[in-house]
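This report concerns a single protein model.

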Amino acid sequence: MLRRLTAALIAIALPAGAQDDPLAEYRWVARPIIIFADSPRDPRVVEQLGEFELGRRDLEDRDVVVIVDTEQDSPLRDRFHPRDFQFLLIGKDGEVKYRKPDPVPVRELARVIDRTPMRLDELQAERALMGRDSLQIDPPTTN
């Protein structure tokens with residue numbers, strides 16, 4: 001199970017010309033999480049991906065895309081300058097929202113995302129949409 005997730009996450013390739021902004025395709029669409037490590041077999045990478053597998057639904061609900069960067073020279077490393085293991089959450093606006101040198105539990109990540117203004121707007125829009133889509137039926141009257 002973890003192998004499938006790892007393969008799916010590591011299979012993200014940056015398109016040619018992505019040196020200017022390697023995350024441009026995700027702007028306003030998704031919240032990239034970048035995991036930097038020297039090896040995909042780093043125990044912290046394995047731990048983080050296992051955590052993501054358990055919290056997959058929470059990540060999908062928050063439009064999270066996971067990128068694992070184990071290259072020594074990459075456009076993402078040039079932009080963010082990580083050391084050793086590094087966890088980065090990038091907002092839909094392309095800015096770093098959270099950075100940590102250790103694996104992050106999905107529950108903690110969800111709290112960080114849910115406090116961002118864009119996520120608060122998304123939740124408000126969902127509630128408004130649900131309110132308009134649901135039919136309101138008046139209770140029967142008794143005579």
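**Confidence of the model**

What is the mean pLDDT of the protein, and what percentage of its residues reach 70 or more? The mean is 86, and 78% of the residues reach 70 or more; pLDDT is the predictor's confidence in each residue, from 0 to 100. The model is predicted: local features need pLDDT of at least 70, side-chain atom pairs count only at pLDDT 80 or more, and totals for chains, interfaces and linings use all residues. Residues are numbered from 1 along each chain as its sequence is written, and side-chain values use heavy atoms, with hydrogens and water left out.

Residues 1-8 have pLDDT below 50, with nine contacts beyond near neighbours in sequence; a contact means heavy atoms within 4.5 Å. Over residues 10-18 pLDDT also stays under 50, and the model has eleven contacts for them beyond four places in sequence. Where pLDDT is low, the predicted coordinates should not be read in detail.

**The sheet**

Four strands form an open sheet in the order β2-β1-β3-β4, with mixed pairing. Helices (H or I, at least four residues) and strands (E, at least two) are DSSP runs, numbered from the N terminus; two strands pair if DSSP finds at least two bridges between them. At the edges, β2 (64-69) and β4 (96-100) each pair on one side only. From one strand to the next, the twist averages 15°.

Six bridges join β1 (residues 31-36) to β2 in the parallel sense. Ile-34 stands opposite Ile-67 in β2.

**Helices on the sheet**

Helix α2 (residues 43-54) lies across β1, β2 and β3 (86-90), at about 155° to β1. Helix α5 (residues 106-114) packs on the sheet and touches β1, β2, β3 and β4; its direction makes about 35° with that of β3. Axes are lines fitted to C-alpha atoms, for helices over the stretch in contact, and angles run from 0 to 180 degrees between N-to-C directions.
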